[in-house]
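Dear colleague,

Please find below the structure that I am handing over to you. My findings follow directly after it.

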Amino acid sequence: MRALRSAWLAVLTGALIAAAGAPLEMSFLALLAPAALLLALEPRPGEPVPARRALWIGLLAGTSTNLLTMYWIVGLLMRFGHFPLAAALPVGALLWMGQSGTWVVGSLIAVELMRRRMPGWLALPACLTVAATLAPALFPWRYGVSQLPFLPYAQVAELGGLPLLDWLVATVGCAGLDAVRRRRGGPAVAAGLALLLPTAWGLVRLPQVRAARAAAPALAVGVTQPNVSIEDKHDPQRFLPQLRLLREMTRALEARGAELVLWPESAYRYPLHRDARRDHDGALGAVADGVHGPLLVGVLTTDGARATSFARDEHGRLAGSFRYGRGRRFNSAVALGRDGRVLGIADKVQLLAFGEYTPLWEQLEWLQRFPRGLTPGRGPQVVRVAGARVGVLNCYEDLLAGHVLAQSAGRPDFWANLTNNAWFGDTSAPHLHHMNARMRAIETRRDVVRAVNTGVSGHTAATGEDLARTGTFERAAFVADVRLLDGATPWARLGDWVTPLIAGAMMGFVVARRRRRGERARGR
């Protein structure tokens, strides 16, 4: 019965975390999830479960969380990987289990600390926070992001990022549970402080950041969401109609006052050579057919040997020629001026393994029989266009807090994310992506503008508030009043100081316990 109870509590943990995320965004449930896990790991106060049970409790909690938030991986494998259901299910299960490192490692270390007399309400939040930072994940996300709907509370992310939010959320739930179970004042005070102090900070900071935005220079940024399916996106006969659609949307946005227009990831289907001084001529041009520019467009770039290739329209007629190379390829965002001149190139730095590159390709000779894939960019990817320094986050890079932290060294005025989420279909994935991206606005105090092929596109203020947001799988466009901000938050200056501080405190506790045992042994 105890094992069954622990299993149900582990599954409940995953369900609460999933419900706290997008699209439901029931943020208060995330406060209860760590408490449910603590009940599973410590059924009675001071009596943690054995390490073996803690392992499968953590695995079940993590797998449940990932199953409910990333259920769409099975459909993705079947549609684009052509997996049969019998193969897609186990592969999906392996991914869900593989992303459970936070819960497995956190649970194991927590019960070991509990055996050394660290209270569970202190041990579990600390272990989950450290494990979430260190455990690898293909699709990284943390449960602290669930607090975005509780906007004042989420503002502490400018101080310590998601590690601080993770720790606070877990402390509220675990300390609150301990206060109820043991009727002790200390945990009750800790739970209250972990809930009220960040809220008070947010209530002070929100009007300050809003005032700073109101006083900052503005740039009217147009966003295109053309809603092109994956099948159409890779059909050469559809390239020219897609380009015409983007130019049509751009003309409309410029007529509404857009000073810079964003096109989503790889929306411009004709590759550009990295030495090109302007975009393609004639019918293949982005700044053509009444489009004035400037633009920031998603496109593949290459540095290979040049050759001439020809593009034809959907009727087979010659539409123009372009130059392409067979050397290295990059997933890029290219800034184009009002005359089509190339103003700058920002490359995707964090590539997706197997989807965009072959791991160990350069080290293993036999792998070189297969395509190498794309080449990652280097250094801060910031382009100067329309009088602004635009920090470019390509594809899922806006999910990676550490990457955005590194890119902030380029001192961008705002973040532009160009993405194609059509792969995931009409599931929770695009909404989860947008929810996570909003946290980057708070962490760095910069507006975030997202142009996503099939949605969710949006404009998030430096407060984390959505000022514009589209639906999914619909054609949409809007003009965002983006504010050009400067300065650096404590998170941007110091990086992740929370994880090493908590890890150091945990190690200090273990060392102190060992010394105390040694002193007792010598005293005997």
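The notes below go from the whole chain to one helix and then to the aromatic side chains.

This is a predicted model, in which local features need pLDDT of at least 70 and side-chain atom pairs count only at pLDDT 80 or more, while totals for chains, interfaces and linings use all residues. Residues are numbered from 1 along each chain as its sequence is written, and side-chain values use heavy atoms, with hydrogens and water left out.

The protein chain has 16 helices and 15 strands; these are DSSP runs numbered from the N terminus (helices: H or I, at least four residues; strands: E, at least two). For 524 residues, a compact globule would have a radius of gyration near 24 Å, and the 25 Å of the protein chain agrees with this. That radius is taken over C-alpha atoms, and the globule rule is 2.2 Å times the number of residues to the power 0.38. Along the principal axes, the C-alpha atoms fill a box of roughly 90 × 55 × 40 Å.

Of the 524 residues, 56% count as buried (under 20% relative accessible area; exposed is over 50% and partly exposed lies in between, with a 1.4 Å probe and protein chains only). Among contacts with a separation of 6 or more, 71% come from residues 24 or more positions apart, where contact means heavy atoms within 4.5 Å.

Helix H6 covers residues 101-115, and its 15 residues should span 21 Å at 1.5 Å a residue; the end C-alpha atoms are 21 Å apart, which agrees. The expected span is 1.5 Å times one less than the number of residues. Buried residues of H6 include Trp103, Val104, Leu113 and Met114. Arg117, which follows H6, has a positive phi near 75 degrees.

A search of the whole structure finds 7 aromatic pairs (rings of Phe, Tyr and Trp, the last by its six-membered ring, with centres within 6.5 Å; planes under 30 degrees apart are stacked, over 60 edge-to-face and the rest tilted). Phe150 and Tyr153 are stacked, because their ring centres lie 5.4 Å apart and their planes are at 10 degrees. Phe150 is partly exposed at 29% relative accessibility, whereas Tyr153 is buried at 0%. Trp263 and Tyr268 form an edge-to-face pair, since their centres are 6.2 Å apart and their planes at 75 degrees.

Yours sincerely
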